[in-house]
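Please work through each task with the structure in view before turning to its solution.

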Amino acid sequence: MSHFRSELRQRADELVSLYPRRRSAMLPLLHLAQEQDGYVTDEAMVEVAELTGTTPAEVRGTAAFYDMFHLEPVGRYVVGVCTNIACLLAGGEELLAHASRTLGCAVGGTSTDGLFTLEETECLADCNIAPVVQVNHRYVRTTTPELFDALVDDLRQGRLDHDVPPHGTLIRVRRSGGLRVAREELAAERAESRAARDARAATEAK
Amino acid sequence: MATLDAPRIVTSRAAYADSHTLARYLDTGGYQGLRQALTMFPEQVAAEVDAASLLGRGGAGFPAGRKWSMLRKSPVSYLVVNGDESEPATFKDHFLVERDPHQLVEGVIIAAYALQVTQAFIFLRGEFALGLERVQQAVNEAYEHGALGRGIFGSSFSLDIVVHPGAGAYICGEETALIEALEGKRGFPRIKPPYFPAVTGLYGEPTVVNNVETMSNLPWIVQHGGAAFAALGAGRSTGTRLFALAGRVRNPGVFEIEMVKNTFRDLIFDPRLGGGIIDDRRVKAIIPGGVSAPWFGPELLDLPLGQDEVAERGSMLGSGSIVVMDETSCVVRAAWRITKFFSRESCGQCTPCREGSGWLERILYRLEHGGGRLEDVDLLLDLSDNIAPGLTWPPQQTTICVLGPSIPSSIHAAISMFRDDFYEHVEHGGCPHD
Amino acid sequence: MTDQTRTTVSITVNGRVVESPAGELLIEAAELAGVYIPRFCYHPRMEPVGVCRMCLVEVDGPRGATLQPACFIRVSEGMSVNTESNKVKKAQDGVLEFLLANHPLDCPVCDKGGECPLQDQTLVHGSGETRFVEEKRHFVKPIEIGPLVLLDRERCIQCSRCTRFAAEVAGDAQIDFAGRGDLIEVAPSPNQPFDSVFSGNTVQICPVGALTAKPYRFAARPWDLEQVESTCTACAVGCRIAVQSAGNRLTRVLGVDSEPVNHGWLCDKGRFTLDSVDANADATDPLDPRTRITEPLVRRDGELVAATWGEALAAAGTVLRDAAATPGGVGAIGGAALTNEGAYAWSRFVRDVLASEHVDAQYGDGLDATLVQALPRATIDEAASAATVVTITGDLREELPILFVRLRAAVASGRTNLIEFAAGPSALRDLARVVLPVRPGETAVVAEALASATTPHGPRVDEFDLATARDLLGERGRGVVFIVGRANAAEHPAIVETAILRLARRYPDATFLPALRRGNVAGALDMGLAPRLRPGRGFDPRVSGRDALAQLDALASGEQRALLLLGGGLLNNVADADHAIAALERASVVAVTGHGDPALAYAEVVLPASVQHERSGTVTNLEGRVSAVTAKLAAPGSAWSDVAIASELAEELGRDLGLSSVEAAAKTIEETTGYPALSVLTSAATEGVVVGRGERVARRPIDPMATPGLRSADSVGLAAFGGDTVTLDVARTGSAVAATLDDVLVEAVTVPPFDAYALSLYAGRRLYDGGVAVCGSSALAALVTATTLALNHVDLDRLGVSPGDVVTVRGPRGAVDLPVALDDQLARGVAGVAVGTLTRDGANALATLMDRNAVTVQVRLETR
């Protein structure tokens with residue numbers, strides 16, 4: 001019995017097949033788990049372990065290393081406010097404090113309506129529009145308290161549903177091209193060309 | 001005034017709102033570099049890149065052509081593109097993957113052809129949701145267009161590109177940590193030697209790891225020739241380079257300018273670039289190449305933006321980010337925040353980095369928020385010395401990777417340049433700027 | 001410790017030129033040169049990772065001297081190293097200070113206090129005062145990460161020894177690092193506790209007090225501990241151990257790094273079973289395995305009551321004398337838990353005093369004793385370095401855990417190809433090159449197909465797999481080790497014995513490692529505790545006798561009247577326990593045991609014997625390695641050694657065995673047979689010696705950093721620990737003839753056809769069974785799981801049952817209710833029931849389902 005819904009399970013299998021070794025699909029699969037459940041559930045970790053040939057402890061250990069994976073439930077919107085150097089110089093700390101007041105939750109906490117989780121983030125690489133705010137890893141470019149409050153209102157009213165999918169959904173573009181290529185053929189070709197190059201290297205070495 | 005007559009090599013489509021689409025890309029010469037490369041021998045393509053003296057744009061600044069030529073003798077298994085841009089205040093690769101993903105994909109295909117690699121991975125920072133979608137879209141379109149997959153553009157060369165999302169860990173920008181992440185593990189950097197990617201990389205096989213901006217230069221280099229690229233800039237720093245300018249400037253942003261021909265002052269003050277300091281205040285300090293780099297004071301503003309020129313003065317151009325602090329900026333707070341960043345991002349493997357970063361951060365927190373002691377200043381330096389012995393540049397290290405010796409950079413610089421600011425914090429019982 | 005050609009290179013250490021094995025790790029090379037480099041994460045039995053940075057030293061290179069981790073750098077010709085420069089000292093002191101920054105100051109209440117590498121290093125190198133004035137990192141204090149292991153995350157120094165052990169040595173990463181930076185912590189998965197049977201090793205190698213063992217927590221302070229080196233007898237691998245006690249109370253067992261055997265590792269059963277010796281003073285019922293029998297008991301008016309030794313010996317003498325008056329009237333069962341000296345004394349007693357050949361150390365759950373002795377024996381090292389290993393046995397992780405560890409390392413490294421006869425579950429399955437599925441009754445057929453290059457009819461064995469296996473076995477089996485045992489106690493032993501015999505004849509160059517499980521079963525057989533066997537691994541072809549099952553038959557029929565029961569566990573291990581009870585009910589039983597046992601319900605006389613850690617002597621492991629066991633405690637009450645009991649009982653019956661002490665027994669064994677009992681008992685041969693081989697025995701000095709708490713020779717006054725190479729020539733063995741394959745008598749049996757409508761019974765073994773070693777230790781007893789009926793998911797679906805459902809299982813003689821469990825390592829149509837387990841109601845389900853006359857046992861399910 002798969003924890004992934006059937007469509008996601010199919011994508012999970014595709015992800016595994018993309019890589020020369022199945023453990024490489026670990027991060028994409030954990031993203032997929034978050035796409036389904038909003039966070040990485042214990043059950044998902046067991047299934048990811050099976051898919052990647054690892055143990056649930058290794059999946060947990062790997063997931064817990066990365067900031068983007070949440071092992072506890074989070075809000076529909078995970079709001080990240082950067083306070084790193086460029087944003088610090090542009091008032092990032094003040095905006096974070098404002099966000100905390102607006103959302104009514106501490107940094108790291110979730111609003112009482114369960115809609116928002118607030119995080120202090122490290123540099124999000126959009127420093128020309130500082131302080132940087134992301135919602136579910138979409139740049140929302142709200143640098144002032146007023147813009148932030150408007151953003152929260154937009155999110156509450158569902159006006160940004162198109163731009164900001166629920167937390168966990170990362171890449172909405174499905175890979176389409178690569179799977180057309182017969183991977184076995186490519187592998188054989190690779191082996192062939194490698195053999196040819198080996199031969200050439202051997203000749204050159206002489 | 002800045003010298004801005006060099007061609008735009010990687011930002012030529014910046015003016016178009018649809019710069020990320022295949023249609024616009026094809027309209028503006030897209031995939032011509034690849035078509036041309038496919039008419040050449042792989043060695044010739046690599047020779048052009050070598051001739052261009054293209055320095056890696058990730059941070060270490062190692063010549064890409066030399067990286068490749070070291071490997072051409074023995075077969076390379078994988079090409080991995082490092083798009084895990086996480087160095088604070090660096091946002092040039094973010095610009096490239098969102099605004100010109102096809103240029104990146106074309107560059108990757110050219111590099112793969114030169115290296116005769118048939119499997120490439122583009123590792124993108126997980127927080128780049130839009131960038132991930134755009135690069136995936138570009139890859140999909142490239143397959144559709146015949147630029148990827150079997151028999152690219154009718155040639156005998158085949159390539160598969162997998163777009164791999166990171167998941168939020170600065171350390172994965174370190175190439176061996178990135179490889180670990182790509183293998184589905186924690187981003188723990190590997191010990192070099194023996195784990196040089198070129199020898200023992202992805203799955204233990206020879207692997208080339210190149211940065212997004214490095215790759216994005218390739219279509220132009222192939223089309224115009226390595227010599228044309230090398231004619232730009234001066235000395236070892238050839239071509240143009242993207243600089244991400246942030247901090248207390250009027251007009252922060254990503255700027256492509258010719259290397260060496262311009263100075264820090266040009267970049268910060270030219271109205272077409274940084275536009276000067278907010279409220280026309282004075283520069284207090286700049287961080288020239290990402291927060292791992294030692295700082296410069298205003299006396300070095302006229303230093304040319306060249307790799308060796310900056311290195312000679314004890315710092316680095318690194319990731320191409322420049323942070324400007326002015327007289328309103330608190331250097332203790334800046335050093336604290338940067339150290340907090342390293343503490344949060346330390347992978348946790350090596351004792352000096354794991355424990356040292358947190359200890360340093362807590363001392364700096366006390367200084368900034370009250371509770372600082374006079375002896376803390378020298379304690380900061382001595383603990384720093386235990387992570388980067390001698391506090392030299394380039395640094396020595398007691399850790400596996402360079403994150404460790406990056407931690408003391410800001411602290412050492414801030415104390416060396418502004419020791420009195422620290423004592424002022426002690427006397428004031430916290431930050432006098434508050 | 002590499003196997004490479006031992007060419008050497010010259011390196012300079014602190015200005016002194018020394019020779020070092022080429023390719024050696026610098027940290028080891030320096031140590032060989034007498035320079036100790038401090039370390040935390042490095043462990044000599046695991047791959048280096050170079051993360052703690054304590055071993056930084058200056059190595060000259062093209063860019064001048066740089067700091068490099070000595071545990072990660074391999075020496076090369078001309079390498080120059082400085083381990084004492086100011087730069088090195090500052091770096092190492094810096095690392096130590098960083099490690100202490102967040103480390104709590106709870107040494108006074110920490111189990112590791114007094115034997116803590118971090119504490120020790122701090123005393124040597126530390127500054128004595130802290131510069132760390134910040135708030136330390138806080139975690140909730142010890143959390144239970146597994147049933148036996150507690151984790152104090154505040155004390156953890158992130159050396160990764162434990163996580164690497166789990167992944168690399170145990171082969172199951174049940175714990176891993178979680179988090180990042182200074183918040184990194186060791187964590188199990190939320191769904192699965194750290195319940196590996198090897199979990200205790202992580203406590204042993206933890207260089208701080210982060211991992212503690214529940215049973216040892218707060219039990220003693222290191223400086224109060226006394227220590228002897230001994231051999232573990234929880235199974236037949238014979239791991240070397242240090243037994244520690246405080247105030248005449250056993251406190252702890254640590255694994256000793258024995259190169260040919262356990263590499264320092266132990267299973268949790270071996271490590272934590274010590275409570276069964278001296279921790280159950282509350283238990284007094286002689287039928288309870290937790291109870292220690294401390295004084296002789298005789299049955300009066302139906303009750304076992306205390307008696308003097310004189311009374312008990314007289315009563316026992318009477319029972320045995322009367323029965324021995326009838327030909328075939330008396331025999332002995334048991335003895336696999338004895339020392340060689342004890343086994344020898346009883347072997348002599350049965351033959352010389354009772355004039356009986358009816359004797360068997362096994363309980364019908366092992367292999368034919370003559371076959372075991374006739375097979376050319378392999379060592380553990382040979383198995384772990386063989387080109388190909390074939391397993392025809394049960395799950396080694398459950399039966400012989402450290403053999404599993406050694407074998408797993410060999411197979412996982414790619415050095416060794418594994419061919420598995422897959423009768424039931426196996427933790428090695430995923431690593432096997434070839435898996436040959438064998439359902440109950442099929443092993444001999446598949447072995448025949450392998451040997452004769454034919455295709456078997458019936459078994460679902462892939463022809464390609466058979467061909468691959470044949471390729472790996474080669475023409476004569478050179479470089480091949482077979483590991484052979486009884487996977488399935490519900491299958492007639494002749495099936496697997498036929499298979500082994502066939503393969504042994506087909507592959508004459510192959511060697512065999514018998515996977516017999518019980519503590520000193522190999523030693524008991526070598527001492528003659530089986531029909532036709534003689535002390536010194538001898539064999540007498542002129543006689544015949546009853547094995548254990550035949551004796552039970554004879555007792556049940558009245559043909560045999562009395563039974564000398566040597567040790568407990570019969571009813572727990574014999575597959576058809578109901579039959580055994582019927583036999584005991586008719587028999588006059590004299591039991592010699594240190595522990596209570598359900599079989600004592602049928603005993604006339606019970607003679608109390610000393611048990612492990614209370615007796616000295618030698619034992620022999622499955623590879624034939626004789627090693628010493630050492631007494632750490634006095635036996636309780638008036639218990640005697642088996643040598644003494646056998647001698648006194650012989651005297652009661654008017655005979656003198658001439659065995660006045662354990663040493664005298666060892667001396668007699670060695671003098672009469674060449675078997676190296678006395679040599680091992682009295683020499684510094686801590687690694688033991690393999691019977692029939694001359695062997696050089698050496699031991700690396702104890703490294704307290706590798707095994708904190710294990711103290712070296714000088715600190716405990718034990719010359720045997722560490723040091724010199726001893727050469728023992730013990731090639732002279734056996735005064736009787738040696739058994740050959742032609743001497744082996746295997747019953748011809750007909751395997752009934754596989755019944756598609758029934759399930760065939762698979763009775764495998766679990767490490768945590770109902771035996772004395774487990775139930776006597778409260779920590780281990782809690783790990784025993786109730787009996788389940790394990791099925792493949794296809795059968796679950798077919799039968800419409802889910803894991804946890806209770807079903808009625810009907811065997812040939814009766815029915816029992818059991819909850820169902822899923823186990824996809826069982827073949828379709830096979831139902832698994834573990835030997836030695838009990839249902840939640842305390843019933844022995846296997847006894848109900850078994851039919852000891854059947855070749856394979858068919859059961860049916862009745863769902864409710």
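**Exercise 1.** Decide whether C:E623 is buried or exposed, and then find the residue whose side chain meets that of C:E623 in a salt bridge.

*Solution.* C:E623 has a relative accessibility of 2% and therefore counts as buried, where buried stands for under 20% relative accessible area, exposed for over 50% and partly exposed for what lies in between (1.4 Å probe, protein chains only). Its partner is C:R625, at 2.9 Å from N to O, a salt bridge being a side-chain nitrogen of Lys or Arg within 4 Å of a carboxyl oxygen of Asp or Glu. C:R625 is buried as well, with a relative accessible area of 5%.

The model is predicted, so local features need pLDDT of at least 70 and side-chain atom pairs pLDDT 80 or more, while totals for chains, interfaces and linings use all residues. Residues are numbered from 1 along each chain as its sequence is written, chains are lettered from A and ligands numbered from 1 in the order in which they are written, and side-chain values use heavy atoms, without hydrogens and water.

**Exercise 2.** Find the salt-bridge partner of B:R236 and state how exposed each of the two residues is.

*Solution.* B:R236 pairs with B:D308, and their closest N and O atoms are 3.1 Å apart. The two residues are 72 residues apart in the chain. B:R236 is partly exposed at 40% relative accessibility, and B:D308 is also partly exposed, at 25%.

Technical notes. Helix = DSSP H or I, 4+ residues; strand = E, 2+ residues; numbered from the N terminus.
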